[in-house]
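Here are my notes for you, written so that you can follow along with the model on your screen. Take the points one at a time and find each residue as you go.

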Amino acid sequence: MTEWAASVVVVGAGPAGIAAAIRAEGAGRSVILIDQAQRPGGQIWRHRDRAALPRQARSWLQRLDRSSVRLLTGASVVDAEPSSRLRVDLGGRPLGVRWNDALVLATGSHERFVPFPGWTLPGVVGVGGAQALLKSGMDVAGMEVVLAGSGPLLLPVAATLSRAGANLTLVAEQAPLGRVIRFGAALWRSPSRWLDAARYRAGFLRTPYRTGTWVLRAEGEDRVREVTLTDGDGERTLPCDLLCTGFGLTPASELARLLGCATDGWRVKVDGVQATSEDGVYCAGEACGIAGAEIAILEGEIAGLAAAGDRAGAERLGRRRPPHDRFVAGLAQAFRLREELSALPAGTTLVCRCEDVPLERLRDFGSTREAKLHTRAGMGPCQGRICQPALQHFFGWGIDSVRPPLFPTSLSVLAAPEEDESPPPPTSIT
Ligand SMILES: Cc1cc2nc3c(=O)[nH]c(=O)nc-3n(C[C@H](O)[C@H](O)[C@H](O)COP(=O)(O)OP(=O)(O)OC[C@H]3O[C@@H](n4cnc5c(N)ncnc54)[C@H](O)[C@@H]3O)c2cc1C
């Protein structure tokens, strides 16, 4: 297997990873930046046309272009050894990537789904997934669209759907009005978040935003045709071509956990300079907690400096970080899932949609591991990213250990033997 090496290797080319790579390179280190997407930008800066991105995003991407950071896109890290080597699936070819001094994990987050009857029908997609599809050019003009779930991500996605010409009939937030207001009021220290929220809401003014409202079921023969929602008192059924649903985000900590980094729930634990519990391994952005792109950038910068050995610079920058632990906790508290959502799935509702495991087959077990061994729940292509948070919600089960491969790959990638280091890679590889 070809093997490349750099002083600092960064996994994830979202805001956090780009900032980390640029800071480490600016401190004089050789850097390799890896992402499974075809372009850098991560979730929030996903794009087809760079000119359409906000100024901040364009500026970071330009800095990346001008830097000597070696960018590997279309490259999934599928396995890792604490001894400092990553196994990468580069478009079906195996590649080893070694870090000589430090590894920065900036792997972002996943959407959290709560299974309900009909959630696997064609036409039911994740809220963030819808956003990603829209940014990739999905045509929703004239479609009847309902957005139902929880969390701040509903707002930008509603605005994007509206702008794209969808007939967005309802945005349903499961959290009660009081909690949403308290969360908003607690943001007085972050006027930029207020401005963002107001700008997004202005983007879908003609659509009602209902708090304390949640989806009960999606129905249709071949695909979703209608969706029924409730506010706890009455039910309301709406025609629907596209149902976007998602109940917040979960830190993507699989790679960190595979490397043995300590976690607090799904979040990777880090210190003041983003160092994890593993020597030479740093983590930044939403893998350390869901706090939005601004914090992700700052954490990326801190991690990049620390990974490059500039601890004093990292600590200086760290002092600029707002006390976001309170924000992360406030977000989780405001948008915590209501009890009623636990009763949504019927016995026949699939919880693990990769392996077709319905709720009724899971009830007899006592842990994620036990259910996995008996039913294969969590052993499909998503490797539990979707069903584990759902199992946690329904049964209170803990998080199971991580096994490679982290993403579906071929045996030739997994079995490729190690070889000597090859010449350094060109600056951009896809
Ligand atoms: C589906 C989705 C859509 C979102 N859309 C928005 C939005 O429109 N607006 C908004 O404000 N916030 C959005 N968010 C929240 C958003 O992710 C953050 O605010 C911000 O992008 C976090 O930056 P980050 O760098 O921590 O992570 P991300 O931007 O998520 O970047 C992480 C990157 O790591 C890569 N990666 C992960 N694991 C591997 C691996 N093993 N190998 C190779 N690459 C890997 C991913 O491909 C990704 O590009 C979205 C979140 C999700 C999950």
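Predicted model: local features only at pLDDT ≥ 70, side-chain atom pairs only at ≥ 80, totals over all residues.

1. Next, look at how domain 2 and domain 3 sit together. Domain 2 puts 9 residues into the contact, and domain 3 puts in 12 residues. What classes of residue make up the side of domain 2 that touches domain 3? You'll find 7 nonpolar and 2 polar residues there, and no charged ones.

2. Now for the ligand. There are 37 residues around the ligand, and those that come nearest are Gly-14, Gly-42, Gly-108, Gly-128 and Gly-285. Several elements give two or more residues each to this shell: helix 1 (15-26), strand 4 (75-81), strand 7 (109-111), helix 3 (127-135) and helix 8 (293-307). Helix 3 has the largest share, with 4 residues.

3. Stay with that shell for a moment. Which domains supply at least three residues each? Domain 1 and domain 2 both do. Sorted by class, the shell around the ligand holds 18 nonpolar, 16 polar and 3 charged residues.

4. The crossing is left-handed. To see the contact, show Ile-18, Ala-19 and Ile-22 in helix 1 together with Trp-60, Arg-63 and Leu-64 in helix 2. Of the residues in this contact, 5 are nonpolar, 1 is charged and none is polar.

5. Helix 1 also packs against helix 8, with the axes 7 Å apart and an angle of about 30°. The crossing of helix 1 and helix 8 is right-handed. Among the residues that meet here are Pro-15, Ala-16 and Gly-17 from helix 1, and Ala-293, Ala-296 and Ile-297 from helix 8. By class, the contact of helix 1 with helix 8 has 14 nonpolar, 3 polar and 3 charged residues.

6. Helix 8 has another neighbour to check: helix 9 (residues 311-318). The axes of helix 8 and helix 9 are 7 Å apart, and the packing angle is about 165°. This makes helix 8 roughly antiparallel to helix 9. The two helices cross in a left-handed way. On the helix 8 side, look for Glu-301, Ile-302, Leu-305 and Ala-306; on the helix 9 side, look for Arg-311, Gly-313, Ala-314, Leu-317 and Gly-318. The contact of helix 8 with helix 9 has 5 nonpolar, 2 polar and 2 charged residues.

7. Finally, zoom in on the backbone. As background, most residues other than glycine have a negative phi, and most peptide bonds are trans. Where does Asp-356 lie? Find the loop between strand 20 (350-352) and strand 21 (357-358). Asp-356 has a positive phi, near 55°, although the residue is not a glycine.

8. The other backbone detail is a cis peptide bond joining Pro-404 and Pro-405, with omega about 0°. Pro-405 is in the loop between helix 12 (387-395) and helix 13 (411-415). Have a look at both spots in your viewer: Asp-356 for its phi, and Pro-404 with Pro-405 for the cis bond.

Methods
Residues numbered from 1 in each chain as written. Near = placed C-beta within 6 Å. Nonpolar A, V, L, I, M, F, W, Y, C, P; charged D, E, K, R; others polar. Domains from an automatic or database assignment. Left-handed = near helix turned anticlockwise from the far one by under 90°. Contact = placed C-beta atoms within 7 Å. Axes fitted to C-alpha atoms, helices over the stretch in contact; angles between N-to-C directions. Parallel < 35°, antiparallel > 145°, perpendicular 65-115°, else oblique.
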